[in-house]
Number of protein chains: 2
Amino acid sequence: MSQNLPAPSSSTDPVDRIREALDEGDLTTVEAILKDLHPADQVKVLSQLGDEERDRCLDLYEAPEIGPLISESFGRLREHLLDHFPPDVLAEVVQELDSDEAADLLQDLEDHAADRVLAGLSFEDRAEVEPLLSYPEDTAGGRMQREVFVVPAKARTRKVLAELRKVGRDLEELQDIYLVDNRGVLAGVISIFQLLRLELHTPVVEGANMDPLFVTPEEDQELVASLFRKHRLHSLPVVDDTGRILGQITADDILGVMEEEATEDLYRLANINEASDLTEPIIRAFRRRASWLTTNAVAGILSATIVSFFSGSISALPALAALMPIVANLGGMGGVQTATIIVRAMALGHMEGASPVRVTTRQATVGLLIGLFFCLIGAAVAYSTLGSPGLALVFGVSLALILLLSGILGSVIPITLKRLGFDPALVSGGLLTTLTDSIGFLLFLGLASWLLF
Amino acid sequence: MSQNLPAPSSSTDPVDRIREALDEGDLTTVEAILKDLHPADQVKVLSQLGDEERDRCLDLYEAPEIGPLISESFGRLREHLLDHFPPDVLAEVVQELDSDEAADLLQDLEDHAADRVLAGLSFEDRAEVEPLLSYPEDTAGGRMQREVFVVPAKARTRKVLAELRKVGRDLEELQDIYLVDNRGVLAGVISIFQLLRLELHTPVVEGANMDPLFVTPEEDQELVASLFRKHRLHSLPVVDDTGRILGQITADDILGVMEEEATEDLYRLANINEASDLTEPIIRAFRRRASWLTTNAVAGILSATIVSFFSGSISALPALAALMPIVANLGGMGGVQTATIIVRAMALGHMEGASPVRVTTRQATVGLLIGLFFCLIGAAVAYSTLGSPGLALVFGVSLALILLLSGILGSVIPITLKRLGFDPALVSGGLLTTLTDSIGFLLFLGLASWLLF
């Protein structure tokens, strides 16, 4: 049970209730139902409505409510929202958002639309947001917000508390205070809780961590997330090359980063474009998925060519055709198992310092054991059903070899990809199974043709 | 660049330096190198050492340093650590840890060892930890810590600040303060930052959120994580059926939960046991992976049986054997693409309220489009290389049908699994590709035998 489950009293679906009210032209009720929901739930409801229904609902929104709505939206609805509201309204929206969310919004607009929104901003707001637009979205710079609370490193607790009460009125929430020297260079960090425990006349440095962690804006967001996990941070300052504070990243931003990185790894493994989701337009889904499947199709042509070399053997012994997919599939699946463990270990930083040779040897050993196991089982099943000891032997030996190989390739490919500067998760995108399929067919049909004919 | 990268001065690997110092019997240096590292890095170093080297290092640890080390450890090293230290040392360690980490440690011990550690605790510490042991690890109860800071709802700011300064000395960090009525029932929540902005004589309720979110201990951790993401929480109180506070979950715990859930989904998709990692013993890795591959092997026997029905056709036209894996593979991959998008959308809560029929229809449409695309390409390539219009037609039609079907099965199976109360991610564990393989072979070879002979 949690408080965000719908209360039993309002048992009807908000989508149905909104449709009803729209039919009756009762916009006051529509507005009441919608705005009673959390923005994330408004997003869910709006993406279930038809185009015309949704537009009627959107006309009920004012700038202060549009910001949270856009920030929570994703995929197709996000495009609709950015399209629906005119640049002057979006400029108002951008002014209300934190600078990191404002930058995300601007980066999702077409260039000319973004320019028009920027033109509608005040000088100060533009100065806050514009520097953020230059950083790629998946870096520390792309994730940071410019809003930080800094105090001189030599300040006393009383002064900082007073400052906090004054400036604090503009801020929704704050956990860490940064201490800077007189050139604006980061010198330390103190949480509000630690600040509270100091006597009023004490200099804040006495409760502060004067050796704080920091990152530069070009740092990859995956490394930033691992710093948060490892050091249980609430916030992390982003500094330029001279150590001056540019902004900060907060823990709630990192929850979003981790979600995104997990989706990315999962989609790579399943051979999907990372921007895909349930709501993308059908034509785009078709184009994206078909283009990824093309790799598999090309791989298929390669293995079909290999199989066709052996048409003579298959024609004479069609049981080969029945057994060969088993060799290829177990090899592919075994390779994906190994590669996934390696890629995940890399993502979590568990591979740092580990010897690639030792890791590969280990995985090869596991592959060999699995191979010997399926060699025995496979040979026994093949012999008892097909009655040919030669075929059973060839089948068993092929299984052993392909599974040993899957352990080796499943380790070597992601390790090599990473060494060469590519994303190791690309291993599963087709390269690995193309190899295991082709080699599996070649091994099994080759051995069979050599030994049985 | 980030501060946790090794400084250029200490360019040699800590593992090598520790080995050297161990060889020279210089334990002071070993201790200095190790304890200069973050506990997570100590874990990395220790898991790279041999058994005897590691044990010599562990003898240098005292109870206060053992806690963080065990908390950061995982897999094989964690088992070693829990084995290495005697119950009385572990009892000391447990006393120093937060109650949620203490409970995790106790849950990982064998029953008799856990009893002996519990017996070594003071009455108060046992009372803190024991209730946590009854909740499964993946629930709110399993994730919560008992340490909370509560004040009476009618308290004034001055009183709360004074209390905070006093009690605060025992706490490392704190963000949210819970307000309770005189029966201990949760009434509100206020962050320290919000508290600071109140005048000293103001009752804290004036700055507090008096309608706070909460969960009960049996709530699933995935839902808890989605509440943190959605509401950007720092902490979430856990209450019993009467609303009394049992403990709290903090944002840094949730980073760990999200990491775990992402690993679980990824491993399910890749057909791996969720407890697998790089460091598991080889024999265990063999047993776990072989048992998951057995599903694929059984599926392979099923499709081999189907293929063997058509030995006559294959013998007469061995090109069938070359083309049939392409039909099965594209069908399987297309199904995995669809299923992954559905499963991920479910995990992120994007499926709530969406109509299953509409979702399936959409995915079927995408599947049909992809099918028609590969139908044309496949037929053209097959005709130009093999010269048989009949075979090209059968190949193309089979591709169209299997890809349409993969869109339907990829949606229907996870949706049905979830309806029946199973983990929808199980779809990828073999069920889906078993179906697409078998149906793919049956379709292609069946159509070919019917139309071409």
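A:L34 counts as buried, because its relative accessibility is 0%; buried means under 20% relative accessible area, exposed over 50%, and partly exposed in between, with a 1.4 Å probe and protein chains only. Before going on, note that this is a predicted model, in which local features need pLDDT of at least 70, side-chain atom pairs count only at pLDDT 80 or more, and totals for chains, interfaces and linings use all residues. Residues are numbered from 1 along each chain as its sequence is written, chains are lettered from A and ligands numbered from 1 in the order in which they are written, and side-chain values use heavy atoms, with hydrogens and water left out.

Back to the leucine. A:L34 sits in helix α2 of chain A, residues 27–35. Helices (H or I, at least four residues) and strands (E, at least two) are DSSP runs, numbered from the N terminus. What is A:L34 in contact with, leaving aside its neighbours within four places in sequence? The list is A:I18, A:Q42, A:V45, A:C57 and A:Y61, where contact means heavy atoms within 4.5 Å.

Next, a helix pair in chain B. Two packed helices are described by the angle between their axes and the distance between the axes. The axes of α14(B), residues 221–231, and α15(B), residues 251–269, come within 10 Å and cross at roughly 125°. Axes are lines fitted to C-alpha atoms, for helices over the stretch in contact, and angles run from 0 to 180 degrees between N-to-C directions. α14(B) and α15(B) are therefore oblique to each other: angles under 35 degrees count as roughly parallel, over 145 as roughly antiparallel, 65 to 115 as roughly perpendicular, and the rest as oblique.

Now the strands of chain A. Strands of a sheet pair through backbone hydrogen bonds, either parallel or antiparallel. Two strands pair if DSSP finds at least two bridges between them. Strand β4(A), residues 235–239, is joined to β5(A) by 5 bridges, and the two run antiparallel. Within β5(A), A:G247 stands opposite A:V238. The hairpin of β4(A) and β5(A) has 5 residues between the strands, and there A:G243 takes a positive phi near 95°. Is β5(A), residues 245–250, buried or exposed? 6 of its 6 residues are buried, so β5(A) is largely enclosed by the rest of the structure.

Last, an open sheet of 3 strands in chain A has the order β1-β2-β3, with mixed pairing. Its edge strands are β1 (150–152) and β3 (186–191), each pairing on one side only. β1(A) and β2(A), residues 176–180, run parallel and are joined by 3 bridges. A:V151 has A:L179 in β2(A) as its bridge partner.
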